[in-house]
Amino acid sequence: MKYCNNKIIMWALLSLIGTQGMAQRYTAALAPANAVKTFQLSDEFLIEPFAAEPDVLSPVDMAFDEHGNLFVVEMGDYPYDAKPGDFKGRIRLLRDTNGDGKPDKSYVFAESLPSATSILPWKGGILVAAAPDILYIKDTDGDFKADIREVLFTGFFSKNSEAQITCMRYGVDNWIYANNHGQGGMITYKKKPGAAALNISGGDFRFRLDRDLFEVESGTGQFGLAMDEWGHRFFTQNTLHIQQSPIAYRYIHRHNFMPSYRSEVNISDHELEMFQKSATPYWRQQRSDRRQAKYDSLKSGYKEYARDHFTGASGGTFYGGDAFPSSFYGSIFTGDVAGNLVHRDVLKSVQGQPSYVASRGEREKNREFLASTDTWFRPGNFNVGPDGYLYLMDIYRQHIETPVSIPEDLKSDMDFSNGLQYGRIWKIFPKEGTKRPTLFPNLSAKKPEELVALLGNPNQWWRLTSQRLLLEKQDNSVVVLLKKMFTEGKDGIGRLHALYTLEGLHALDATLVKKALSDPEPGVREHGLMLAEKFPQYFTEVVNLIDDVSPQVAFQATLSLGQFQEKSVLSILAKVIEKNADNVSYRQSVLSSVPGSSPELAALLSSTGSFFRSASPGKLKFIEDYAYIAGCRNEKNDISGLITILSKYETNWQLAGLTGLVKGSKRSQNKKEVEKSLDKSLRKLEEKASTEVKKAAGELRKVLAI
C-alpha cells in the first residue's frame, strides 16, 4: 500500500495507544519507514514495505492464487489459546486493481477462525489449517468474502498455538504436506465418515484431496516447511532451525518392532549459533541468569543462553524463484523471531549420506542474511512470489514469547497483546538489474496446453500452480503433450513435473516409470524408484541404482528395495548395511524392511564373515537394534538363533546383541513359552563369556523368566 499522510497519522495513533503505561525497559514500536532503517541486509539486496497495518495485522502466512489474489493469514489469537466464541483468526485478501504491482484493496475474506496458521489455494478457494480443523473456504458470489466454509479434516491438537497443524505445502508428487510437530490427534475425513480415525501422534501429515487419501508422514516439524524442487522436506523447530526426515513414514513403519520410529536428522553444520544485532530483552536476560544460577548450584555443567542462539526459529522456506542471483537459488531462509533476524542455509549433498548438509553461505560466515536492531521485528514466515522475489511476514510484536514460558514476576510490565494493531509484509529483491513489478497472475483462464508449457518455468510457483490446476481440471487432452515433455524435455525439473502431472491424470504407465529410472537427472531417478515399487518387473533396474552416484538416489533404492518380494533382496540389503552401517538412516532403512530385520539376515552376515570382522560403532549399533527387533518380535528362533550366532564373536558383539535383546524383550507383546533351545544357546554363550556378558545374559534370563 502507499503510505500517505493519513496512514502515517493512523500509525502514530496506533503506536501511542500501544505504548500507554508501558515501562521504559521495553522499546516502542517503529513506523515501517523507520523500521527499515534498522535492517542490516546482505549487500546484494534491497528491502521495502509491501503491505502494512492497518491493511494486514499479525501476518503468519500468505499465498498467491491463480486468480490474481493474495491471501494473508492473520493470527490475532497469538500468543493465547483461541477461545470458542471469540476466535480472532482471519484471512485477508489483497488485490492490485490498478496494475501498478502493489496491493491497493484489502478485504476480510474470512474471520472468526480458531488459530489459523496456514493457507493453500485449492479449486478456486483456499485450504486453511485452523486447529483442530483443516477447512476449505471459497467465495462464490464475487464479493471477496468467503461464503463456503467446509471442514475437511478434524481432530488435530489445538491446545498450543506454537505446535499445531500448519505449513501446508503442495508437493511435486501431488500430495499436500503439513507440519504437526508430532502432536497427538485422531484425524477423521468428512468425505469418508465411516473410515477409522487416523492416529497422527508422533508424526506430521499429508493428504490428497483428488484421491481422498490421508496418512501420517515422518517428521515433527513446528512452524516452517521448506520443500525443494525434488520434493525433499526440510522443517523448522524453535531451537533446531533445519531438520530433515530422509525416511518416509510408510517405510519406517513397515513393521511394529523398531526400537525407534524417529528419523529426523539435524542437518545444520553450525549448531545453534546466530549473529544477533538486537538488544537482549530484560525478561530474557533475567530468566537466563536465574536458570544459570540453578544449573551452577546443581553443578550440571549446562549453559543457558540469553541471546545469539536459535530459540525462535520459524518459517523455513525454500528459495525456488528466478529473480535472485544464481548462487542464492536453493537456499533455505529461516527467521528467528526472538533474535529479530533472517538466517540463510545453503544445502549440499554429501557422498554416502542420505540427508543433506545445511551450511552458512560464503558471505554469511560471521553475519546473518538480515538482522535488525528493532526488537519488535518478528520475521515469522516467507513466501517466494510469482515475480521471484522473497516476501517476509513480520508479525511485529513487542513480545513474541508465550506467557507460560516466563516467570510471573517478570510479566508484570509485559503486555503480550502489544502489537496486535501492527503487521508488515516486506519485499526483498536484488540491487542489480531491473526491478520487476509484483505479479498477481491470473492463470484461471489459461488453456491446458498453456499450463503444460509452464511446467518448465524457472520459478517454482508457476510450475506447482500449473501442475495443481491441471490436476484439478482432469483434462486428459494434454496427456500426449505431457508425455512428449517428459520424454523429450531438456530440463529435469520440467520432466519431473510432467511425470507427476501424468500420474495425477491417471495416465502413468510402466514405460514412463522405466524411463524415469534411467533419467540423467538424479531427482527424476529418485522419484522413478518410488513409482517403480508398483511395477515388480523393474526389480533389476531398482537394484542397479543401489550404487548410484547420487546419495539420495542410492538411499531411495535401498528403501524401495525393501518393498519387493524377490529372494535376492536379503543378500543385497546385507551388502548395503555392511557398506553403510555407520549411518543411522541406512541402519533404519534396512531394519525397517521385513527381509532386513529377519532372522535370515544375521545368519547371512555371519556366513559371509566380513561384517563381523571389524566392530565399528555403527555396526555394533546395528546389531543392538537388530537384536531389539528380534526380542520384541520373539518369533521362532528369533532370540535363540541370534544368541547362537553371537557366541561365535567377541565380547563387544555379544554385549550389543544382548543389550538389544533385553530391551526388545521387555517391550514384546508376544509372551509365548520360552523355547527349550534358548536356554541351551545361553549356556553355550556363557561358557567362555566375560563378566559383562554373563551379567547381560542374566538380565535376559530374568526378562524371559528362564
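Predicted model: local features only at pLDDT ≥ 70, side-chain atom pairs only at ≥ 80, totals over all residues.
Residues are numbered from 1 along each chain as its sequence is written, and side-chain values use heavy atoms, with hydrogens and water left out.

View 1. P132 belongs to the loop between β8 (125-130) and β9 (133-138). Strands here are DSSP runs of E with at least two residues, helices are runs of H or I with at least four, and both are numbered from the N terminus. For background, most peptide bonds are trans, and most residues other than glycine have a negative phi.

**View 2. Y396 and A705 have a positive phi without being glycines.** For Y396, phi is about 50°. Y396 is in the loop between β27 (390-394) and β28 (424-430) and is buried, with a relative accessible area of 1%. For A705, phi is about 55°. A705 lies in the segment after α20 (691-704) and is exposed, with a relative accessible area of 67%. Buried means under 20% relative accessible area, exposed over 50%, and partly exposed in between, using a 1.4 Å probe and protein chains only.

**View 3. Four strands form an open sheet.** Their order is β11-β12-β15-β16, and the pairing is antiparallel. β11 (166-170) and β16 (213-217) stand at the edges, each with a single partner strand, so one side of each has no neighbour in the sheet. From one strand to the next, the twist averages 20°. Strand β15 (residues 204-208) pairs with β16 over five bridges, and D204 stands opposite E217 in β16. Two strands count as paired if DSSP finds at least two bridges between them.

**View 4. Helices α13 and α15 cross.** The axes of α13 (residues 569-580) and α15 (residues 599-608) come within 10 Å and cross at roughly 60°. These axes are lines fitted to C-alpha atoms over the stretch in contact, and angles run from 0 to 180 degrees between N-to-C directions. On the α13 side, the contact is made by L570, S571, A574 and I577; on the α15 side, by E600, L601, L604 and L605. Contact means heavy atoms within 4.5 Å.

**View 5. L370 belongs to the largest nonpolar core.** This core has 127 residues, and those with the most contacts inside it are F369, L370, I425, F622, L661 and L700. Leaving aside neighbours within four places in sequence, L370 is in contact with residues including F39, L41, I47 and F377. A second, separate core of 28 residues includes F109, A110, V128 and I400. A nonpolar core is a set of buried Ala, Val, Leu, Ile, Met, Phe, Trp, Tyr and Cys residues joined through side-chain atoms within 4.5 Å.

**View 6. Q552 is buried in helix α12.** The helix covers residues 551-561, and Q552 has a relative accessible area of 6%. Not counting residues up to four places away in sequence, Q552 touches H232, S349, Q353, P354, S355, Y356 and E526.
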